[in-house]
Amino acid sequence: MNQLENYALGRWIKGEGEGQALYNSINGELVATATSKGLDFAEMMDYARKIGGPALRKLTFQERGLMLKKLAFHLLEKKETFYKVSWATGATKADSWVDIEGGIGNLFANASLRRQFPDLPYYIDGDAVKLSKEGTFIGHHICTPKRGVAIHINAFNFPVWGMLEKIAVNLLAGVPAIVKPATATSFLTEVVVKEIIASQILPEGSLQLICGSANGILDNVTMEDVVTFTGSASTGKMLKSHPKIVEESVPFNLEADSLNAMVLGEDAKLGTTEFDLFIKEATREMTTKAGQKCTAVRRLLVPVNLVEDVQIALGQRLSGVIIGDPNVDGVRMGALANKDQVKEVSEKVQELSKTQEIVFGNLENFEVKGADKNKGAFISPILFLNSDPFKYTDCHNIEAFGPVSTIIPYNNLDEAIELARMGKGSLCCSVVTADDDFARDFVIGAASMHGRILILNSDCAKESTGHGSPLPMLIHGGPGRAGGGEEMGGKRGVLHYMQRTAIQGSPTTLTHITQQYQYGGKQWEDNIHPFRKHFEELKIGETYITAKHTVTESDITNFANVSGDNFYAHMDATSLEGTIFEGRVAHGYFILSKAAGLFVDARKGPVLLNYGLDECRFVKPVYPGMTIGVKFTCKEKINQEKRDEEDIAKGIVRWLVDVYDETGETVAIATILTMVKKLNQE
């Protein structure tokens, strides 16, 4: 008999005693036992804080991102092993793809996110704030990694994705994690973690695993820890109110199951593309993972005149869904995670049946292909019809966490919005319509009660990821019943694991702290032009002060001829009455172009190319006869990795372009980027 192991304190440890028996949800056979008895959670957390945390905090965002990328490629090579184990959770190949490769995709996405962060272990947030008249006293914000541990208490339905989508974010932020998967499917999580640890890609102490109960772990949290929970609202609220969570003000992100809705627009009548999309998406949401998704559609809001059409079409589609062993050809829906889930879902269906009618499916009478339905954890899709959703409100309050959904009629847009909001907080909602006015009004009316809203129509259907797919660059969470928290969301998710701190001081001092040049800070010149220097040789604050140029009317005319920009302010002095201009004014883009002509060194050197323009402002008119010069300052350096052995080793340099006139006042300011070759090409 296989007893799952826990990974703690740098080694694999079997828990004490027999543990909880875990069964194959397809054939009912014993898969493994799991127990965490004997683990010292306080020691595990101390180990994460003292070993994993310091190792991660030494790495820059670029290094952490490359670490995630390397780990993603490693797990991708091992995915077939994971698929074989995933079958025992009741998942079809398509279900497993979402869990396994969707989870690995989160690693890739967060690895790419490194490009939005500096080449530092900490993050510079937003822009500097001028706090004094002369600009010698400024403020800024930095975000530093919390010196605690991320405790992830996950649900049974996504044993791989649920772990990887969370640890990808805390690892990028520089915070170690302890993962506690739901025991029922922890045998799959254990296999993945064993590959992660064996790869030795993560610093020791970055990741620990608890297979079994984690009861008591919250007794050891401190103010710098972060706790995330995915599961039932009742359990989540109990954990969130733990005395230590309250006393230490520990960030607690709760993602609870929600009664998500999908709305069929009034325009999407039978025969339209949108009607067909609605039926297809509703079927997929009911049957993917056998409906065991926190994002699954539980409420189908349909115009009252289309209820019969939807009921018939959806019933026909569901009748073609073959339930059974996912290894058998043709099977499209597997089993629930275990028989306890079958019992729980069945009880919820019986409860919902008191106030609404089952129009498709039967808890007892359904066929299973390639398996014994009495041994496995199988259940039929169940479709309800609620005749009066404002009177019979169980469908807005009771969730059967399986392939169960309810058709709910609405009479107009306002009713659709109100019914969607009656879920009291949802992770996601979809509206299927080709009417952009309907879509806009629904979104604005329903958004405050939802974490995400998908607008689905023929324009985006081909590439849409669908109703139930949380994406790493968008937030995943929701208000009210959905838990009131959020995960992922690109950079937003990373900042959940960091402390934002306001810093104040001189521009020179804050330049040194942030490693980004702050306007007004000390500048210094070198005899060597900055474009003659390699990436390693450039220093923040290094400034090249250019020669000067007096702008002429010929400059303005010639630039207009070359660019085709004959805007009246540049070319027609007779049309300036009532404007802010005193005469013909130079094009802003001429000023920027001329600035480039002044600061660029034309000879071939380490600068490989102009990479782009981040920001640009034209703050003062430049008239013929005015003289301009440029202060060209190294603002920030961002390292880039080599893509392969043939690639050039290089980095990105951000430059502050400060164009000033003969009075010393700034007339234009911009940030440009160049790609610069490194001295060291290894």
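Residues are termed buried when their relative accessible area is under 20%. By this criterion, Phe-438, Ala-439, Phe-442 and Ala-446 are buried in helix H13 (residues 436–446) of the model, which is predicted. These four residues cover an arc of only 100° around the axis and therefore lie on the same side of H13. An α-helix has 3.6 residues a turn, so residues three or four places apart point the same way. The face of H13 turned away from the buried side carries Asp-436 and Ile-444, both of which are exposed. On the buried side, the packing partners of H13 comprise strand S12 (260–264), strand S16 (404–410), helix H12 (413–421), strand S17 (429–432) and strand S18 (453–456).

Helix packing was also examined for H4 (residues 93–112), in its contacts with H3 and H2. Two packed helices are described by the angle between their axes and the distance between the axes. For helix H3 (residues 79–86) and H4, the angle is about 130° and the axes are 10 Å apart. H3 and H4 are therefore oblique to each other, and H3 passes H4 in a right-handed crossing. The contact involves Lys-79, Phe-82, Tyr-83 and Ser-86 on the H3 side, and Lys-93, Ser-96, Trp-97, Ile-100 and Glu-101 on the H4 side. By residue class, this contact of H3 with H4 divides into 4 nonpolar, 2 polar and 3 charged residues.

The axes of helix H2 (residues 61–77) and H4 come within 7 Å and cross at roughly 155°. Since angles over 145 degrees count as roughly antiparallel, H2 and H4 are therefore assigned to that class. The crossing of H2 past H4 is left-handed. H2 contributes Gly-65, Leu-68, Lys-69, Leu-71, Ala-72, Phe-73, Leu-75 and Leu-76 to the contact, and H4 contributes Glu-101, Ile-104, Leu-107, Phe-108, Asn-110 and Ala-111. The residues of the contact of H2 with H4 comprise 10 nonpolar, 2 polar and 2 charged. Glu-101 of H4 is listed in the contact with H3 and also in the contact with H2.

Backbone geometry was considered at two loop positions. Most residues other than glycine have a negative phi. Ser-249, by contrast, has a positive phi, near 55°; this residue is found in the loop between helix H8 (243–247) and strand S11 (252–256). With 58% relative accessibility, Ser-249 counts as exposed. Lys-424 also has a positive phi, near 60°, and lies in the loop between H12 and S17. Its relative accessibility of 48% places Lys-424 in the partly exposed class.

Key: Residues numbered from 1 in each chain as written. Predicted model: local features only at pLDDT ≥ 70, side-chain atom pairs only at ≥ 80, totals over all residues. Heavy atoms only, no water. Axes fitted to C-alpha atoms, helices over the stretch in contact; angles between N-to-C directions. Parallel < 35°, antiparallel > 145°, perpendicular 65-115°, else oblique. Left-handed = near helix turned anticlockwise from the far one by under 90°. Contact = heavy atoms within 4.5 Å. Nonpolar A, V, L, I, M, F, W, Y, C, P; charged D, E, K, R; others polar. Buried < 20%, exposed > 50% of the residue type's maximum accessible area, 1.4 Å probe, protein only. Arc of directions from axis to C-beta.
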